[in-house]
Amino acid sequence: MIVKGGDRIWIAVLPASEVVDEKLLAGMLGVPTVRLLDEAEPPFGSLFGLPVVVDSTLAEAGRIVFRAGSHEEAIEIRYEDFRRLERDPKSGTFGRPPASAPRVWDEWPEPRAR
């Protein structure tokens, strides 16, 4: 996700099953607020040079998988290699399940009949 925290634009990396908790991320980055950038305000120019922040659940994973420039291709990489390539990104807890996610397994809806 691309977020704006204070006067900087960040790439926020978190599990696909979670969304950014803006308050947690703002606290982690030491800024008053964080907000997701929308499509009307993309960070033009090269994405290289943008700081990266990683949710700690990924930092604890042995391997991570992420999109590789399309919705059809993915890259699997050891987290340590990702960390080294990103030059030790800032890490902390800022992800949370989306509001629509069931809290426990028993709350998952039954499959719909077709």
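Which strands does helix α1 lie across? Helix α1 (residues 22-29) lies across β1 (2-5), β2, β4, β5 and β8, and runs at about 130° to β4. Keep in mind that this is a predicted model, where local features need pLDDT of at least 70, side-chain atom pairs count only at pLDDT 80 or more, and totals for chains, interfaces and linings use all residues. Residues are numbered from 1 along each chain as its sequence is written, and side-chain values use heavy atoms, leaving out hydrogens and water.

**The sheet**
- Five strands make up an open, mixed sheet, in the order β4-β1-β2-β5-β8.
- β4 (34-36) and β8 (90-92) sit at the edges with a single partner strand each, so one side of each has no neighbour in the sheet.
- From one strand to the next, the twist averages 35°.
- Helices (H or I, at least four residues) and strands (E, at least two) are DSSP runs, numbered from the N terminus, and two strands pair if DSSP finds at least two bridges between them.
- Angles run from 0 to 180 degrees between N-to-C directions, with axes fitted as lines to C-alpha atoms, for helices over the stretch in contact.

**Where β2 meets β5**
- β2 (residues 8-13) and β5 (residues 52-55) run parallel, joined by three bridges.
- A12 stands opposite V53 in β5.

**Two loop residues**
- D21, in the loop between β3 (19-20) and α1, is buried (under 20% relative accessible area, 1.4 Å probe, protein chains only), at 16%.
- Leaving aside residues up to four places away in sequence, D21 touches F94 and R96 (contact means heavy atoms within 4.5 Å).
- R87, in the loop between α3 (79-85) and β8, is exposed (over 50%; partly exposed lies in between), at 73%.
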